[in-house]
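Please look through the model below before reading on.

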Amino acid sequence: MSETTNPYMMVGERLCMDFTNTVSWRESTEKRREWFTSYAKLVDWSVHAGVFRVQQAQDLLSEAEKNPSKAEKVLNQAIELREVMYRLFKSISMKTSPNEQDLVRFNESVSHFYQSLQVIQDADQFTLKFKQTDKNLDTMLPPILQSAVDLLISKNELERVKQCEGDPCGWLFFDTSRNKSRRWCSMADCGNRAKVRRFYEKGK
């Protein structure tokens, strides 16, 4: 994806996909742009993604001011988890086996955060949810991790994990189209550029 007026463009169709897409021009060494340049940016994105509410975000930022070194550690942890998830899902989109070390690192995160997993009753059914604590600076990571785990263990949905064909976009998405024909992160972005490129080449 290119630069956009909306810094938090959500096109992944799954929380974990949008999380991996927090880098613009991901596969370009020259244009690549990191979104999470600070802990505050990570929190801001998390609010936009619906991970928690504005009041929770304000509480986290206040806590981060008291513990800047811990906030920096969480930021680095989030970026590392994101990159591991990106490589895992990219390999799935390419129908290749994931790197064994990436799977090991992903499982380390699972083991760490699943200690806070609990069964929640919602109306007439039970669901597994991570217990979130407002003052835990990494409280945005468990829901993202849960989204990734749910997708990874799904039986028939992994084939819908795709990578945008726009070069060098690199963004990942979950294809919700009925015939599984989606090719771009966004028709208004990479899809439109491809259309213009085809028109130009046809007219040459």
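1. Among contacts in the protein between residues at least 6 apart in sequence, 57% join residues at least 24 apart. The model is a predicted one, and the percentage should be read as computed from that model.

2. The protein has seven helices and six strands. Read from the N terminus, the order of elements is α-β-β-α-α-α-α-β-β-α-β-β-α.

3. Of the 204 residues, 45% count as buried. The protein exposes about 11800 Å², and carbon and sulfur atoms supply 49% of that area.

4. Helix H3 covers residues 54-66. Its 13 residues should span 18 Å at 1.5 Å a residue, and the end C-alpha atoms lie 19 Å apart, which agrees.

5. Which residues of H3 are buried? They are Gln-56, Ala-57, Leu-60, Glu-63 and Ala-64. These residues cover an arc of only 125 degrees around the axis, so they sit on the same side of H3. An α-helix has 3.6 residues a turn, so residues three or four places apart point the same way.

6. The cover over the buried residues of H3 includes helix H2 (39-48) and helix H4 (68-93). On the face turned away from the buried side, H3 carries the exposed residues Glu-65 and Lys-66.

7. Ser-147 lies in helix H6, residues 141-152. Is Ser-147 buried or exposed? With a relative accessible area of 14%, against a cut-off of under 20%, Ser-147 is buried. Leaving out residues up to four places away in sequence, Ser-147 touches Arg-14, Leu-15 and Cys-16.

Technical notes:
Residues are numbered from 1 along each chain as its sequence is written. This is a predicted model: local features need pLDDT of at least 70, side-chain atom pairs count only at pLDDT 80 or more; totals for chains, interfaces and linings use all residues. Side-chain values use heavy atoms; hydrogens and water are left out. Helices (H or I, at least four residues) and strands (E, at least two) are DSSP runs, numbered from the N terminus. The expected span of a helix is 1.5 Å times one less than its number of residues. Buried means under 20% relative accessible area, exposed over 50%, partly exposed in between (1.4 Å probe, protein chains only). The arc is that of the directions from the helix axis to the C-beta atoms. Contact means heavy atoms within 4.5 Å. Accessible areas come from the Shrake-Rupley method with a 1.4 Å probe; for residues, only the protein chains shown count as cover.
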